[in-house]
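Let's take a walk through a protein together, one region at a time.

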Amino acid sequence: MSLPTDETRPDADLASHIPPAERCSYPVRGGNAVRALIDGEPAFRRICEAVEAARHSVWATVAFITPDFALPDGRGDLFDVLDRVAARGLDVRVIFWRPNPETRQFEPRTFWGSADHRARLTERGSRFRIRWDRADGIYCQHQKSWLIDAGQQSEVAFVGGINLNPRSMVAPGHAGEHHHHDAYVELAGPSAIDVHRNFVQRWNEASERALVGGTWGHDGDDDLPPPSRHSAPRGESQVQIQRTLRAGRYTDVAAGETSIFEQYQLAIGAARRSIYIENQSLDVPEIVASLKAALERGVEVVVLTPAEPEAERAADTPARQAFLAARTALSSHESFTVVGIAGMDAHGQRQNIYVHAKLMLVDDAWATIGSGNLHAYSLFGSTEMNASIWDPAFVRALRRELLAEHLGLDITNLDDVAALRLYRRIAHENRRKREAGDHDWRGLAFGLDPVTWRG
């Protein structure tokens with residue numbers, strides 16, 4: 001698939017060297033307006049504004065949610081917001097993940113349709129519609145999407161990775177404790193039809209739809225028709241909605257879909273100048289090999305990841321040992337840096353910020369934002385959704401916003417290469433201060449140990 005370019009946009013050709021995924025259910029679509037939403041408080045403030053302005057429908061896919069979660073500005077919890085929309089007579093539907101026996105440990109962090117959950121819905125008088133959906137085996141229904149006014153001219157979609165918990169509902173700058181850093185992207189225009197189509201596929205094929213206790217607010221027979229028309233052009237960005245799908249689930253592709261993985265490989269392989277990654281993990285040998293090749297071409301690479309990652313799998317096989325050695329070897333390149341971020345708490349102490357974002361920027365030309373981690377579960381097993389965006393103006397603005405937050409500096413006048421070199425220098429300086437017990441840093445970023453990838 002060749003990437004079309006908009007000749008009216010002066011720098012359209014700057015993004016054309018990064019090819020789109022070919023083994024993808026959906027094509028690249030032009031004419032989109034896109035907006036990055038960084039960190040949970042501003043992201044969900046904007047999502048709630050769109051929900052409250054909805055005229056026809058509000059549809060969402062939810063993976064993780066905790067009972068103590070609240071939306072910004074006194075709106076209450078997710079159910080308060082959805083009940084208010086349903087009370088206006090709109091079509092409100094949610095697909096919640098129901099864990100399997102293999103993933104039962106996640107039940108406390110999901111709304112999986114237990115007897116207590118259903119009693120809560122009854123007590124509230126909730127009238128919106130729910131279908132519960134399992135994944136396969138050890139995997140997760142990990143998509144986190146919102147679609148407002150599906151199929152209407154006012155249609156708008158949100159694709160991202162922010163979980164519904166208090167640690168995610170925080171402001172940029174991360175002054176406090178136990179914060180998560182994360183992202184969404186807002187889409188308006190022709191690509192919203194693909195978020196629409198994904199929801200219809202998942203709703204109609206939800207695993208529990210015909211089971212007792214597998215639905216709420218309807219009898220499980222109200223399947224949705226496929227979308228029939230695109231939204232009108234709303235902007236200049238080219239967007240491709242990409243997914244991870246297991247074989248036989250929500251796709252006509254018999255082998256399933258791994259277009260998020262394919263796109264990461266294509267974008268890293270095409271990088272000429274810079275790669276900036278924010279991800280909860282970097283645990284896939286193919287991705288590490290591609291980053292190594294990019295470094296050998298002279299590409300600047302910064303990877304932002306949790307300073308206290310999840311417990312590392314034991315290096316008890318030759319293949320695992322080889323992978324960890326290859327990942328550590330990335331740091332032998334001067335142009336590579338792995339970093340964490342830490343904010344200041346009320347006592348003047350630094351507190352690590354958990355990086356939950358799943359995004360990558362390449363060459364100030366292309367970006368992806370979504371739910372897919374750089375982990376085998378996300379790239380090959382769980383149900384995921386990312387939006388890849390070809391628009392240099394958007395990507396430059398996003399790079400400046402993210403780095404300004406992490407470095408505490410206005411970097412408007414720096415190009416992508418100079419900005420990542422500055423990021424490296426400040427991160428290393430801040431690591432030295434952290435090791436000396438000095439909490440008075442510039443910004444949030446600090447270098448991680450290149451062997452353990454820990455702070």
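**A guided walk through the model**

Helix α2, which spans residues 78-87, is mostly covered, with 7 of its 10 residues buried. Keep in mind as you look that this is a predicted model.

Which residues of α2 are buried? They are Leu-78, Phe-79, Val-81, Leu-82, Asp-83, Val-85 and Ala-86. An idea that helps when you look along a helix is that an α-helix has 3.6 residues a turn, so residues three or four places apart point the same way.

The N-terminal end of α2 is capped by Asp-77, which has a side-chain oxygen 3.0 Å from the backbone nitrogen of Phe-79. After α2 comes Gly-89, with a positive phi near 90 degrees.

Next, let's turn to the nonpolar core. In soluble globular proteins, nonpolar side chains tend to be buried together. Here, the largest nonpolar core has 51 residues, and those that touch the most other members are Val-185, Leu-187, Tyr-276, Phe-394, Leu-403 and Tyr-423. Leaving aside residues up to four places away in sequence, Phe-394 touches Val-34, Arg-35, Ala-36, Val-185, Ala-367, Ile-369 and Ile-389.

Glu-186 lies in strand β8, residues 183-188. Is Glu-186 buried or exposed? Its relative accessibility is 8%, and because buried means under 20%, Glu-186 counts as buried. The side chain of Glu-186 makes a polar contact, at 2.9 Å, with the side chain of Arg-46. Not counting residues up to four places away in sequence, Glu-186 touches Arg-46 and also Ala-33, Val-34, Arg-35, Leu-37, Val-156, Ala-157 and Phe-158.

So far we have followed the atoms; now let's follow the gaps. Rolling a probe the size of a water molecule over the atoms shows where empty space is left. The largest pocket has a volume of about 1100 Å³. Its lining is made of 43 residues, and Gln-280, Glu-310, Tyr-354, Asn-373 and His-375 lie nearest its centre. The elements giving two or more residues to this lining are α7 (318-329) and α8 (376-380). By class, the lining of the largest pocket has 16 nonpolar, 16 polar and 11 charged residues.

The second largest pocket has a volume of about 200 Å³. Among the residues lining this pocket are Arg-167, the histidines His-178, His-179 and His-180, and also Tyr-354. Which strand gives the largest share of this lining? Strand β15 (residues 350-355) does, with 4 residues. The lining of the second largest pocket divides into 4 nonpolar, 5 polar and 2 charged residues.

Our last stop is the cavities. The structure holds 4 cavities of 30 Å³ or more, and the largest cavity contains about 50 Å³ of space. Its lining includes Phe-44, Trp-146, Ile-162 and Tyr-184. Strands β2 and β5 each supply at least two residues of that lining. By class, the lining of the largest cavity has 8 nonpolar, 2 polar and 1 charged.

Terms used. Residues numbered from 1 in each chain as written. Predicted model: local features only at pLDDT ≥ 70, side-chain atom pairs only at ≥ 80, totals over all residues. Heavy atoms only, no water. Core = buried A, V, L, I, M, F, W, Y, C linked by side-chain atoms within 4.5 Å. Buried < 20%, exposed > 50% of the residue type's maximum accessible area, 1.4 Å probe, protein only. Contact = heavy atoms within 4.5 Å. Polar contact = N/O pair within 3.5 Å; in protein donor to acceptor, adjacent residues only side chain to side chain. 1 Å grid on protein atoms, 1.4 Å probe; cavity = no way out; pocket = protein on both sides within 12 Å on 5 of 7 lines; lining within 4 Å. Points joined across faces, edges and corners; volume = space filled by probe spheres on them. Nonpolar A, V, L, I, M, F, W, Y, C, P; charged D, E, K, R; others polar.
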